[in-house]
Amino acid sequence: MEPIRISKLMAQRGLCSRREADAYIERGWVRVDGQIVRELGSKALPTARIALERQAERRQTGKITIILNKPVGYVSHQSDKGYRTAVSLVQARTQYHAGRGGPAFDPAHLRGLAPAGRLDIDSQGLLVLTQDGRIARRLIGEDADLDKEYLVRVEGRLAANGLALLNHGLVLDGQALRPAQVAWQNQDQLHFILREGRKRQIRRMCELVGLKVVGLKRVRMGRVVLGDLPPGQWRYLREGERF
């Protein structure tokens, strides 16, 4: 059994992201088999017991996650082409309360806030922005397998075996896609459930079977749903709400 970098082990176990693990190790906030570890790059066996000191736990508790209904015309990530970014919508005036109360907007929450997943400029719907590396890894890490649900308006003529191929059998960039769940919602709208997130995946899948996407909306990630959140507004992930 070969030793593995402690930061990698911590990320694999969902304790934090690798970057956060390195920061905690530097501060002496990580114990491996009961011993404080301070040296970056340190390794341990995969069976090692790893625990966070209270300072690290407090740091994690303070991290926030935001649910945004991204409109068309905004990009998920920072762009050098002058496009408006989704995070620019996170302001006091666009916070959605819906009578639930909850914390008020704090500009400090913008620090380190990053999208956990992509939603291209022509798409709308649920976008997660988070400071928490554990959540980011759960949603977009190498082993992420949470359902992501979409409503997709299309035009064109579907190939004879097109629906079957959308469910399983398509290849993008030389790699077979994981099985999906795709069905007609109505005469011009498909319902997709995916467990991966290739670049412009749904649009490219539809092109392969003779369809053109004219509207795409993400409505769910794991157990978190878009619900009645209006376009261009956001809310904090609620206490007890889990992906």
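Reply: Two strands are said to pair if DSSP finds at least two bridges between them. Helices (H or I, at least four residues) and strands (E, at least two) are themselves DSSP runs, numbered from the N terminus. Q124, for instance, stands opposite K217 in strand 16. The model is predicted, and local features need pLDDT of at least 70, side-chain atom pairs count only at pLDDT 80 or more, while totals for chains, interfaces and linings use all residues. Residues are numbered from 1 along each chain as its sequence is written, and side-chain values use heavy atoms, with hydrogens and water left out.

Me: What does the protein chain contain overall?

Reply: The chain has six helices and 18 strands. Its C-alpha atoms fill a box of roughly 65 × 50 × 35 Å along the principal axes.

Me: Which other strands are joined to strand 10 by bridges?

Reply: Strand 6 runs antiparallel to strand 10 and is joined to it by six bridges, with L126 the partner of N69. Strand 9 (residues 114-115) is likewise antiparallel to strand 10, with two bridges, and A114 has T130 as its partner.

Me: What makes strand 10 largely enclosed?

Reply: A residue is buried under 20% relative accessible area, exposed over 50% and partly exposed in between (1.4 Å probe, protein chains only). Six of the seven residues of strand 10 are buried, so this strand is largely enclosed by the rest of the structure. Strand 16 is mostly covered, with eight of its eleven residues buried. Of the 243 residues of the chain, 45% count as buried.

Me: Why is D33 called partly exposed?

Reply: D33 has a relative accessible area of 41%, so it is partly exposed. D33 is in the loop between strand 2 (30-32) and strand 3 (35-37). R200, in the loop between strand 15 and helix 6, also counts as partly exposed because its relative accessibility is 34%.

Me: What makes a set of residues a nonpolar core?

Reply: The members must be buried Ala, Val, Leu, Ile, Met, Phe, Trp, Tyr and Cys residues joined through side-chain atoms within 4.5 Å. The largest such core has 33 residues, of which I66, V152, L166, F192 and I202 touch the most other members. Among the elements that each supply at least two residues are strand 11 (148-156), helix 6 (201-208) and strand 16 (211-221). A second, separate core has 16 residues, including I25, V37, L52 and A56.

Me: How do you know that V152 is in contact with I202?

Reply: Contact means heavy atoms within 4.5 Å. Leaving aside neighbours within four places in sequence, the contacts of V152 include D188, F192, I202 and V213. The buried residues of helix 6, among them I202 and M205, pack against elements including strand 11 and strand 16.

Me: Why is an open space called a pocket?

Reply: On a 1 Å grid over the protein atoms alone, a cavity is a set of points where a 1.4 Å probe fits but cannot get out, whereas a pocket is an open set with protein on both sides within 12 Å along at least five of seven lines; lining residues have an atom within 4 Å of a point. The largest pocket has a volume of about 790 Å³, a volume being the space filled by probe spheres set on the points, which are joined across faces, edges and corners. Of its 32 lining residues, G117, R118, G197, R198 and K199 are the closest to its centre. Helix 6 gives the most to the lining, with three residues.
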